[in-house]
Amino acid sequence: MNNSRVSRRGALGVLAAAGSVAMTTPAAATGPDPIFARIATHKKLTADWQGLYDQLQDAESNATREHGRRPIELIHWRNYTIGASEIETRRQTLLEAGEIDPATVEEEYLDAKARYKAQVAAGVAWDKRAGLTTLRKDVDRRVAAAGRTATCLAQTMPTTPAGAAAIIQYILDDDLEADESYW
């Protein structure tokens, strides 16, 4: 995980301080506030990937009739359903708890990683059979671009009171249930 990311609450605290700095710095001295362009870019990229994701879901639903359901890239390990980096986190948690022999944890960890890799491969194979490889890659690229833009947005300090207010409102309007790691 990127250590430069802050929580939504942390971002709001930084922005509140930025707002007081912006109020003491005339806009003419700093030029146009870059936060407005970053917000607009993030909104556009988010709308782009969401629209493309809707297309992918529709295509997946249609392909399900012929190819069955797409394999989910999750595995079960000790009463948890996890995937990707969660496997490493679960391994670390089990080792730190010290209740299970570390050799057993390591053996199960390697098995979990192999099972996860197999699930990912099964999903890729399903996409290929269903003709959705390109669409899924497009969605993934757009999601990644929106994520990079969100990180850049979160690291951009507003230079005007209006910019500080705009980014605060944008953060508050963000889906509170969504991943907020970039804020």
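What follows is a working chat about a predicted model of one protein chain.

Q: How many helices and strands are there in the protein chain?
A: The chain has 7 helices and 2 strands. This is a predicted model.

Q: And what pattern does the chain follow along the sequence?
A: Along the sequence it reads α-α-α-β-β-α-α-α-α.

Q: What share of the 183 residues is buried?
A: Buried residues account for 30% of the 183 in the chain.

Q: Switching to the helices. How do the axes of α3 and α6 cross?
A: Helix α3 spans residues 34-67, and helix α6 covers residues 133-154. Their axes come within 9 Å and cross at roughly 155 degrees.

Q: Roughly parallel or antiparallel, then?
A: Roughly antiparallel. The cut-off for that is over 145 degrees, and the crossing angle is roughly 155 degrees, so α3 and α6 fall in that class.

Q: Left-handed or right-handed crossing?
A: The crossing of α3 and α6 is left-handed.

Q: Which classes of residues are in the contact of α3 with α6?
A: By class, there are 16 nonpolar, 5 polar and 6 charged residues in that contact.

Q: Now aromatics. How many aromatic pairs does a search of the whole structure find?
A: The search finds 1 aromatic pair. Trp49 and Tyr53 form it, with 6.3 Å centre to centre and 75 degrees between the planes, an edge-to-face arrangement.

Q: Where do Trp49 and Tyr53 lie?
A: Both are in α3, 4 residues apart, which is about one turn of the helix.

Q: What lies over the face of Tyr109?
A: Arg91 does, at 4.9 Å from the ring centre of Tyr109.

Q: Backbone next. What is the phi of Arg78?
A: Arg78 has a positive phi of about 50 degrees, and it is not a glycine. Most residues other than glycine have a negative phi.

Q: Where is Arg78 placed?
A: Arg78 sits in the loop between β1 (75-77) and β2 (80-82).

Q: What about Asn79, which phi does it have?
A: Asn79 has a positive phi too, of about 65 degrees, and is not a glycine either. Asn79 belongs to the loop between β1 and β2.

Q: How do Arg78 and Asn79 come out on accessibility?
A: Arg78 is partly exposed at 34% relative accessibility, whereas Asn79 is exposed at 83%.

Methods
Residues numbered from 1 in each chain as written. Predicted model: local features only at pLDDT ≥ 70, side-chain atom pairs only at ≥ 80, totals over all residues. Heavy atoms only, no water. Phe/Tyr/Trp six-rings, centres within 6.5 Å; stacked < 30°, edge-to-face > 60°. Lys NZ or Arg CZ within 6 Å of the ring centre and 35° of its normal. Axes fitted to C-alpha atoms, helices over the stretch in contact; angles between N-to-C directions. Parallel < 35°, antiparallel > 145°, perpendicular 65-115°, else oblique. Left-handed = near helix turned anticlockwise from the far one by under 90°. Nonpolar A, V, L, I, M, F, W, Y, C, P; charged D, E, K, R; others polar. Buried < 20%, exposed > 50% of the residue type's maximum accessible area, 1.4 Å probe, protein only.
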